[in-house]
Each structure stands twice: as structure tokens, then as C-alpha cells.
Amino acid sequence: MEDYTTFICFNLKTTNKKVEKYLTSSYEEFGINVAQAFIIMTLLDRDGSTLTEIGHKAQIENSSLTTMVDKLESMELVERKLDREDRRVIRVFLTDKGRELASRVIEAGTSFNQLLKNSLGQNVDSLLESLNIITERLEKNI
């Protein structure tokens, strides 16, 4: 039997767990988790996104997303507003407090991303391209 610890999927999972653990400790001081950090970064990039848009960009399931946005709203980091054109649509916006935190969140994320890039050296572009190909192929097969 082939050693499962040599499987690509096992190594991706192991690496992801360590990345999550590292990021969790980085974002802990802000009182948010990794997924909430991705929500904040998404809004920093595109404030006023819908939950569906946030979920798609941040790769978070809608069922989890609502609870996370509720938490961010209770922390006064985001607020929900009805869309001016279509009142059935709810948009999420960063508050001033959320925007202030977002700059610190993005700084921590950028710093960690640079650490990863430095570790990968010249392989980073081909690795990202390969991961994107895998993701696209898996999405088509599901």
C-alpha cells in the first residue's frame, strides 16, 4: 500500500492546517478568526458587497457566512444596509471601526503572505498556477 502521507491531498491538508493555525494566532489579537478576516478583506476591496458576493470571493459557505457577519456586526465592524435600487438586496459595509481594523488585518495577512513567498522562492508563480488548475478541475467534477 502506498504511504498516504505522500499523497498530494494529505500534504495540502497538512499545510492548510498549519497556515490556519498561524493565521488564527495572528488574527486572535483582533478578536476575529481567519474567515472573518477574509470577509473584512473582501469588503476592503469591494465595500457594499452582498453576502453572496462575499461568500464567493472569500470561499465561505452561505450558512456560515451569515453567522460570521452577525458576529462582525455585533462587534460594530460591519453594517448591513438595504440596496437603494432593490430593497430585497442587502449589502454589507465596513464601519469606520471596521475600516481601521481592516488595515491592520491586511497588514498581518500581507506580512504572512510575504513570508510564504520568501519560503517558496521562484516557485511561487508556478505553484499558484498549479493550485488554480486543480481548483478549476475539481469544481467542474463536483
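Which residues does T50 touch, not counting residues up to four places away in sequence? The points below take up this question and the setting of T50.

1. Basis of the note. This is a predicted model, in which local features need pLDDT of at least 70 and side-chain atom pairs count only at pLDDT 80 or more, while totals for chains, interfaces and linings use all residues. Residues are numbered from 1 along each chain as its sequence is written, and side-chain values use heavy atoms, with hydrogens and water left out.

2. Overall composition. The protein chain contains six helices and three strands; helices (H or I, at least four residues) and strands (E, at least two) are DSSP runs, numbered from the N terminus. Along the sequence the pattern reads α-α-β-α-α-β-β-α-α. The C-alpha trace spans about 55 × 35 × 25 Å along its principal axes. Of the 142 residues in the protein chain, 27% are buried (buried means under 20% relative accessible area, with a 1.4 Å probe and protein chains only). Among contacts between residues at least 6 apart in sequence, 49% join residues at least 24 apart; contact means heavy atoms within 4.5 Å.

3. The sheet. Three strands form an open sheet in the order β1-β3-β2, with antiparallel pairing. Strands β1 and β2 stand at the edges, each with a single partner strand, so one side of each is left without a neighbour in the sheet. In general, strands of a sheet pair through backbone hydrogen bonds, either parallel or antiparallel.

4. Strand pairing. Two strands are taken to pair if DSSP finds at least two bridges between them. Strand β1 (residues 49-50) pairs with strand β3 (residues 90-94) in the antiparallel sense over two bridges, and S49 stands opposite V92 in β3. Strand β2 (residues 78-82) pairs with β3, also in the antiparallel sense, over five bridges. Here L82 has I90 of β3 as its bridge partner.

5. Residue T50. This residue is found in strand β1. T50 counts as buried because its relative accessibility is 13%. In reply to the opening question, T50 touches V89, I90 and R91, when residues up to four places away in sequence are not counted.

6. Helix α2 against helix α3. The axes of α2 (residues 34-45) and α3 (residues 51-58) come within 9 Å and cross at roughly 110°; axes are lines fitted to C-alpha atoms, for helices over the stretch in contact, and angles run from 0 to 180 degrees between N-to-C directions. The contact is made by F38, I39, T42, L43 and D45 of α2 together with I54, K57 and A58 of α3. These residues divide into five nonpolar, one polar and two charged; Ala, Val, Leu, Ile, Met, Phe, Trp, Tyr, Cys and Pro count as nonpolar, Asp, Glu, Lys and Arg as charged, and the others, Gly among them, as polar.

7. Helix α2 against helix α5. The axes of α2 and α5 (residues 96-120) come within 9 Å and cross at roughly 110°, which makes α2 roughly perpendicular to α5. On α2 the contact involves A37, I40, M41 and L44, and on α5 it involves G98, R99, L101, A102, V105 and I106. The residues of this contact divide into eight nonpolar, one polar and one charged.

8. Helix α2 and the sheet. Helix α2 lies across β1, β2 and β3, and runs at about 95° to β3.

Notes:
Buried means under 20% relative accessible area, exposed over 50%, partly exposed in between (1.4 Å probe, protein chains only). Angles under 35 degrees count as roughly parallel, over 145 as roughly antiparallel, 65 to 115 as roughly perpendicular and the rest as oblique.
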